[in-house]
Amino acid sequence: MVLMALPVLAMAFVLCTNWWVIESTEDKVLSDFSLLNGRSVVLVLGTSNKLRDGSANPFFDNRIKAAAELYREGKVSHFILSGDNRSIYYNEPFEMKKALVLKGIPDSVITLDYAGLRTLDSIVRSKEIFGQDKIIIITQPFHSYRALFISQFYHIDAVALVAKEPISEAPFKVYIREYFARTKAVLDLYIFNTTPRHLGAKIPLSI
């Protein structure tokens, strides 16, 4: 009986943790620029600029579009571009920077975080390395809840400006993966005390 109950308990735990993550953060998921006053630093969370077939990744493109529009609206003064830099052939922060510069964003207002290997790493490093405890996070809505949940745990005053989610191109597996990633975030924060893989010396931002 105990073995039969385990799958049910596991699914219940996944459902409850997802409800907790979303319910506790949904009021900070924003799409209106006018609600972003009083925050000058944006953390753009990384993803690959290309899909596996070599075509443009709409998740990446929409994050860059939202970031550039936010700057042009005069709402922010600096960007932290945080993502994976696993090899010389895969560099999320550098690709984000190239895309923003092509949209007219000055190089001088961009800081690259090459150690944003996971969402948790990017969020924590924005505070511990770059000294920011009040930020705007740019990512898609489905991802924003987890990013904000981690921010709350680390006492970072964050809101998310959501980039558009792809309509036809969005793979179903992305959302399934995020569903379980929220549960993992709860375990990382409250059970395993997971910390960023890389910290190091503080890097003050020139704002």
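Student: Is Arg125 buried or exposed?

Tutor: Burial is judged by relative accessible area: under 20% is buried, over 50% exposed, and anything in between partly exposed (1.4 Å probe, protein chains only). Arg125 is buried, since its relative accessible area is 7%. Note that this is a predicted model, in which local features need pLDDT of at least 70 and side-chain atom pairs count only at pLDDT 80 or more, while totals for chains, interfaces and linings use all residues. Residues are numbered from 1 along each chain as its sequence is written, and side-chain values use heavy atoms, with hydrogens and water left out.

Student: With which residue does the side chain of Arg125 meet in a salt bridge?

Tutor: Side chains of opposite charge can pair when their charged atoms come close. The criterion here is a side-chain nitrogen of Lys or Arg within 4 Å of a carboxyl oxygen of Asp or Glu. Arg125 is paired in this way with Asp113, at 2.8 Å from N to O. Arg125 belongs to helix α4 (residues 119-128) and Asp113 to strand β4, so the bridge ties together parts twelve residues apart in sequence. Helices (H or I, at least four residues) and strands (E, at least two) are DSSP runs, numbered from the N terminus. Asp113 is also buried, with a relative accessible area of 1%.

Student: How many salt bridges does the whole structure contain?

Tutor: The search finds eight. One of them joins Lys97 and Asp107, at 2.6 Å from N to O. This pair links distant parts of the chain, with Lys97 in helix α3 and Asp107 ten residues away in the loop between α3 and β4. Lys97 is partly exposed at a relative accessible area of 21%, and Asp107 is partly exposed at 43%. Arg118 and Asp121 form another bridge, at 2.5 Å from N to O. Here Arg118 is partly exposed, at 22%, whereas Asp121 is buried, at 0%. A network of salt bridges links Arg146, Glu178 and Arg182.

Student: Which residues have the most contacts inside the largest nonpolar core?

Tutor: A nonpolar core is a set of buried Ala, Val, Leu, Ile, Met, Phe, Trp, Tyr and Cys residues joined through side-chain atoms within 4.5 Å. The largest such core has 26 residues, and Leu70 and Phe79 have the most contacts inside it. At least two core residues come from each of β2 (41-45), α2 (58-72), β3 (78-82), α3 (92-102), β4 (110-113), β5 (134-139) and β6 (157-162). The greatest contribution, six residues, is that of α2. Contact means heavy atoms within 4.5 Å. Beyond its neighbours within four places in sequence, Leu70 contacts Phe33, Leu36, Val42, Lys75, Val76, Ile136, Ile138 and Leu161. Another core, of 24 residues, lies apart from that one; among its members are Leu43, Leu120, Ile123 and Phe130.

Student: What span should the 19 residues of α6 have?

Tutor: The expectation is 27 Å, and the end C-alpha atoms lie 28 Å apart, which agrees. The buried residues of α6 include Val174, Glu178, Arg182 and Leu189. Asp188, also in this helix, is buried at 10% relative accessibility. Leaving aside residues up to four places away in sequence, Asp188 touches Leu120, Asn193 and Thr194.

Student: Which residues other than glycine take a positive phi?

Tutor: Most residues other than glycine have a negative phi. His155 is one case to note, with phi near 60°. His155 lies in the loop between α5 and β6 and is exposed, at 66% relative accessibility. Asn193 is another case, with phi near 55°. Asn193 lies in the segment after α6 and is exposed, at 56%.

How values were computed
The expected span of a helix is 1.5 Å times one less than its number of residues.
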